Amino acid sequence: ADRESWSWREGDFPKARKSLERKPLSVERTKGSEILFGIAPCSLALSQSRRDLFRLFLKESSGSRRLVMSEFVLQAAARGVPVHHVKRRELDALCRGQVHQGVCLEATPLRFKSLEEAEKPDLGDEESPNRQLIWLALEQIQDPMNLGALLRSAYFLGVDRVVTSQRNSCPLTPTVSKASSGAMEVFDVYSTDDLRSFLKAKTAEGWEVVGTVSQPEDVENVPVISCLEFQWNKPVIIVIGSEGDGLSLETQLLCHRMLAIPPGRALHPGIESLNVSVATGILLHSICSQKLRHGD
């Protein structure tokens, strides 16, 4: 009963109150904009200053969802973003049937950063050249759900930077942001048009380049070890290959070592590999937990 009787008091939030006023929904989008959807991506995009924001669309709600929606109204008011309260089917149409949780946000897209933009500043503590940095390099990850899940794991587990190949890779779309549970809104993602030259340059700077493989017998000329045996004491780049093909042969040959995840049983033929984002989460946890221990 208390929940149902909760309401805005006249004059509490004049700006927010004004933006609550019903306006007809214009389906015509601002040129160059995209529609973010879902509570975490929209809330984090509103709290950051990385996108230009145009309109927030909220599902007409009552009961338990009302408090969540009122928070969005306050966030939008703080950023000066107009709010439209619309029916569920209008939200469905805006994000083409994706799982929007009652929230869509019209905003400019996020772009990859170029490596040149931030090559020097955050390499960090000059006094500790052996600081354990871990970067994740992605070669031709094309599925937005996988890219989002990879970013979520990388952010959570403490990866310092993610670099993706420009060619045949998924852009930073609203679907990626939703799959990352909003991590894409707070975590910079870099790209390079020449991943191999980038890896060669890092090797020359003293980094270790470590590849990943699901079938150890497929690798020639590069030592393969279990991720459980991997130890590191200098900056490292973990290179993840595409969903179907794994790392290209040319990229494999730039790796100092290859990591494999040991299975927990004899595997049935045809079920011998993990989803790329799941495998990456396991590898990163194994590697980043060493970083935490060494940092103690």
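## Nonpolar patch

Leu274, Val278 and Ile282 make a nonpolar surface patch of about 240 Å². Patch residues have over 30% relative accessible area and no salt bridge, with nonpolar side chains joined within 5 Å and like charges within 9 Å. A salt bridge is a side-chain nitrogen of Lys or Arg within 4 Å of a carboxyl oxygen of Asp or Glu. The model is predicted: local features need pLDDT of at least 70 and side-chain atom pairs 80 or more, while totals for chains, interfaces and linings use all residues. Residues are numbered from 1 along each chain, and side-chain values use heavy atoms, without hydrogens or water.

Leu274 sits in the loop between β12 (257-260) and α10 (276-295). Leu274 is partly exposed because its relative accessibility is 46%, the class between buried (under 20%) and exposed (over 50%), with a 1.4 Å probe and protein chains only.

## Negative patch

A surface patch of negative charge gathers Glu116, Glu117, Asp193 and Asp194. Asp194 belongs to the loop between β8 (189-192) and α8 (195-204). With a relative accessible area of 34%, Asp194 is partly exposed.

Ser165 is part of strand β7 (residues 161-165); strands are DSSP E runs of at least two residues, and helices are H or I runs of at least four. Ser165 has a relative accessible area of 7% and is therefore buried. Beyond its neighbours within four places in sequence, Ser165 is in contact (heavy atoms within 4.5 Å) with residues including Leu138, Gln140 and Thr192.

Phe156 lies in helix α6 (residues 144-157) and is exposed, at 73% relative accessible area.

Notes: Areas by Shrake-Rupley, 256 points an atom, 1.4 Å probe, with all protein chains shown as cover. Lys, Arg positive; Asp, Glu negative; His and termini not counted. Charge placed at Lys NZ, Arg CZ, Asp CG, Glu CD.
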